[in-house]
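Dear colleague,

I am handing over the structure below, and my notes on it follow directly after. Please read them with the model open beside you.

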Amino acid sequence: MKITKPILNHLNLQDSLILVTGQVTGVQQGLKGISGATVAVKESKEQSQTDSKGMFSIRVPKNGSLVFSYVGHQTQVVPVHGRKMLNVTLQPSQTSLNEVVVVGYGTQKKASLTSSVSTVSSEDLENRAVPSVINILQGQAGGLNIQQTDGNPGYGSTSVDIRGNSTLSNNPVLYIVDGIAVNNINYLNPNDIASVSILKDASATAIYGARASGGVLLVTTKKGKKNSKPNVQYSAMLGAQRPVRLPKFVDAPQFVDLYNQAQLNDNPNAQVKFDPELAEKYKSGALPSTNWIPYILDNRAMQNQHNLSVSGGSENVDYFVSGGYLNQGGLIKNVEYKRYNTRGNVNVQVSKRLKLGVNTVLTKEDKQQPAYGISNALQWSYIVPVTEYPYTKGGNDRSYRGGAQPNDIMTKGGVSNENLNTINTNFLAEFKILDNLVLNGTYSYNYTNSFTSAFFSRYPLYNDNEQIVVYVNDPNSASKVNYAQSHPTGIITLNYNKTLGDHALKVLLGYSQESDRYDYNAITRYDFLNNSLDQIDAGSSDPTLTNVSGNATSYAVRSWFGRVNYDYRGRYLLEANARYDGTSVFQNKKYGFFPSVSAGWIISEENFLKPITNVLNFVKLRASYGQVGNQNASGLYPWANTIGQDRYILNKNSTTTTYYNNSPNPDLTWEVKTTANVGLDFTFLNHIDVNVDLFRERTSGILRSPVVPSTYGIGAPQQNVGKLQNQGFEVNIAYKNHVNDFHYHASVNFSDNRNKILDLGGTGPSYGDNPLIVGQSRWIWYGLKAEGLFQSVDEIANHATQTPRNIPGDIKFRDVNGDGKITPDDRVILGQATPRYRYGINLGGSYRGFDIGILLQGVMSNLARVSGGAQVPFFYNGDGNMLESQLDYWSPTNPDARYPILRTDQSINNSQFSSWWLFNASYLRVKNIQLGYTMNSKIVNKLGLSSLRFFASADNLFVFTNKDFPKSLDPEISNYGDGSNYPQVRNLSLGLNLSF
C-alpha cells in the first residue's frame, strides 16, 4: 500500500495529523477490496491509492474528511472524527461506466474503452411485437442508421449502415453472433440476446480486417450462471396489427368529374370518357365506387409470440436453453409468417484448466406470400380506376381492359410458400495454460437451407355479359427453388494478462480460417391438368415447357490478428489492433494488413480535477486512427474470365452457345478505409453520461470501371482508382436518477454524416438523378429546378421554351444556362438524397410495481422522391386513380397548389424529375410505448412464482411528418416509391412475463 507524506501546509496547523488505515470494498465486487481506488484528503492535494486488496493508509487531520472515489462508483466523503480505522463500501454509480462491453474477440469495461462502441442491452430488445432484431434496434444507438421501407412479414425491406456510406460500391455491415461472422441476424429470437455492440471506428473494427469497412454489429446471446438454481422464464404476447398509412383515393363520384376535367385540360374539344348519363350513374350509386384497398388487405391482422427459457448452473456447469414461437398474420391476403426457435448454450468446467462448451440455435421460418407478389397487386390498386369493380352481376371475376385486377391477383393467382431453416452451432474449448495465459478454440458451422414452392393458378376473367374474356396464367405453372449455404469457421486465440504494480497488460493473438459455399437450383414447369396438382411431375412433358437453372459460388478467408491493451494506473490507456487477411476473392494481391491504434486519458483521475469529482465524476478523452478493408465491392471472381450461356435458333434448331461476360483484373485488391476518431466521455452529478464522437473516414482504391467504346463488346475491367471521404458526429446523453420509490431515466442520441467524392480515377463524372461528381456527395439529387406553376398564357410565352403543349398550371422550370429553352443542360444539384440528422429518444420510469417506457425515433432532414401514382393522377397511360392528397391541384382559384393542373397526357413534362417532386420526408415516429405492472412478491410467491409482470405495448403508434408530405405515404418510403409496398404496421399488444 502507499503512504503519503504529511505535506499539508495549507491546513490549519492546530489540527494534529493522524494515520488512518482501512479497506475500500465495492458492492459490485461482492464486498471484496477494490484495487486502485483513490483516497484523498478533502480540500487538499494529498491522496493515496488502495493496493490489490483494497487497503489504504493516509495521514489526515483528525477533524478532516476523506474522499473515496473509483471509476464507475459513487464518490463518498467520510468525516474522520479522530478515527484511525475506516472501512468504506462504494456503491456503483447510476451511470453506465461499470458496464462490460463486448468487443472483437473479448470484453472490456466501458470506462476503459478507447474506441467508439455503442451498446444495446437485452432489456431494450424484449417485449416488442417486432419480429426483426434489426428493426428493434432502430433509434437505439447513434451512428446505427436503419430505415424500414416496408413491413412485409418475413420479407420486409430494411436498409442498415453504420456511420453512413463510405464507398461508391458496396460495404455492408458485418454481423458477428457469439464471435462468428453470419450473413444476417434475421433468424435470431430477440429474447435470446444478451447484448448488441455496435463497433464504429477503426480501433474497434480493425480486428475484423477486410470485411469491417461497413462497421460491425456484434450480438452476444444469453448464458447461464454457475452456482445458481434453475430459473424458468416464460413470456407471451398477443397483438393486433393495423396499417400505419395507406393510400386514400377519391371515390367514383369525384373521380368522373376530375377525369373529365383532366381530359378537357388536355383538349378543350375532347369527347370526355364519362358522359353526363354515365357520370350520373356513379353519383347516384347505380354503378359502384370501388376502393380496391380492402380487396387486397384487411384492416387488422393478429400476431402472437411465446418464449420459454431455462437457465442456471452448478459448480462446474452453466446452461441456457430456450424455445420460441412467433406467428405474424398478414394484413394482405395469403400472407403469413411463422418462426420457430430453439437454442442451447452450455459450458462445462471439465477440470481446473479445461472448459468445454457448445452454443447451438435452430430456426425454422415458414413464409407465405401471393405468387404474383405483394407490390404487384398494390400497384394495380393505383392503376385500376375506382369506377371499375371486381365482380360481374353473376359473381364472376371481372376483367379490366382484358386483363387482371387487384382482387383476383390476390385471391385466385396462387400462393408461394418458403421454408427457411438455419442451423448455427459453435463448439468451444478453453484451456488455461497458466492462470494468466489462456488458449481458446472455436469451431462453428452455419448452415442455411431454403425451399420455395410457388404455383401460378389458371383462372378465367369475364366481361359484364358473363363471357370469358381471358384466362390468366395460361398455361398454369409450378416453380420450385432451393438454395443452401454453408459457412464453417475455425478460430484459435491466445490471451495473456499481466499486472505489475500500476501497469496492466493484455495481449490477444489469433488465427481464423473460414469458407463459404452457396448452391442454387430452380425448376419451372407449365401446363398442369388443374390447379390442384402442383408437383413438377404433374406438368407437361413437353421439354419446351420446362425451365431449369442452377449455379454455385464459394470463397474463403484466412486471417491472423492481434490486440495489445496497456493500462497505467487506470488513467492512461493504450490499445493497438492488427489483422492480416487473405482472401480467395483476389488473385495477385490476396493479402492485406489492417492496423489501428487508440489511446485514452481518464482526466478525472488527475489531481487537478479531484476537487470537483463530486460534480464532474468522470472525464475521458480518447482518440483512434486505423485502417479496415472491403472485399465485398467486386464480386467473388473479379480476377477470372467468367462464362455465360445463351441459346439461338437456326433452321428451327436450338443451339447453346457460350461467351465471356466480364473483363477480369487479377490485380484488384481491397478498398481501404482510413479512419480518425476523437471522442469525449464524461459523467457529472453521478447521474448524467455524455458521449461525443467526431470522425473522418477516407476510402481509397474504390472500384471503378472506365468507359469504353461499345465496339469493345463487354464492360471494361474494374480498377482500384476511386476515393471518397466521409465525416460526421455522434452525441449520446443519458440521465438516470430516482426520487424515493420513483426511478426514472432518459437518453438521447443524435448523429449525422456527410460524404464527398474525392476522385473518380478518370472514370467520370456520370450524370443522372443521382450523379457521380467529384466534390459532391455520393447520394445527391440532380435535375431541373422548378420555379413554380405557370399562372397564365403570357407567362408561358415569356418563359424559356419547355413544350408547345404547356398550359397554365404546368410546372415551370428554371432556364439555368439562359439559352431560352429547357433541356437536360439546365439540371442542377437539388439536395441530399439520403436522410440527415437522425435521432432517438428513450424515456422510462418506474414506481413501485408500475413501469413505463417510451421510444421515439426520427429524421430531421430528408428529400424523398416519389413516382408513379403518388406523383401525378391518371399516370398509367392516362388511366389510373387519384389520391385525396392530389386534390390540391392547380386551378385559377387555387394558384398556390401543391400539384400541377390535372392532365391525362403523361407526355407533358409535369411528371419528369425535378425539384417539384422532392418531398420533405422528415419525421418523428413513436416507435414504442410500453406500460407494465409487476405484482407484489408476496402474492407471487404464494402462486409458486418468483415474479409476474403484465404489460401493454404499442409499436409504431404514431408518425408525425411535414405538413406537405403526402398523408398516404410513409416517410420511410424508399426513393422512387409510390406507396405500393406492404405498409408499415401499428401493433397493439398485451403480454406477460413470469419466472419461477
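Four strands form an open sheet in the order β4-β3-β6-β7, with antiparallel pairing (strands, E, of at least two residues, and helices, H or I, of at least four, are DSSP runs numbered from the N terminus; two strands pair if DSSP finds at least two bridges between them). Because β4 (47–49) and β7 (76–79) stand at the edges with a single partner strand each, one side of each has no neighbour in the sheet. From one strand to the next, the twist averages 20°. Strand β6 (residues 65–69) is joined to β7 by four bridges, the two running antiparallel, and V67 has V77 of β7 as its bridge partner.

This is a predicted model, in which local features need pLDDT of at least 70 and side-chain atom pairs count only at pLDDT 80 or more, whereas totals for chains, interfaces and linings use all residues. Residues are numbered from 1 along each chain as its sequence is written, and side-chain values use heavy atoms, with hydrogens and water left out.

Elsewhere, helix α3 (residues 252–266) packs with helix α4 (residues 276–284) at an angle of about 155°, their axes lying 8 Å apart (axes are lines fitted to C-alpha atoms, for helices over the stretch in contact, and angles run from 0 to 180 degrees between N-to-C directions). That makes α3 roughly antiparallel to α4, a term used for angles over 145 degrees. A252, P253, V256 and D257 of α3 meet A279, Y282 and K283 of α4 in this contact, where contact means heavy atoms within 4.5 Å.

Best regards

Technical notes: Angles under 35 degrees count as roughly parallel, over 145 as roughly antiparallel, 65 to 115 as roughly perpendicular and the rest as oblique.
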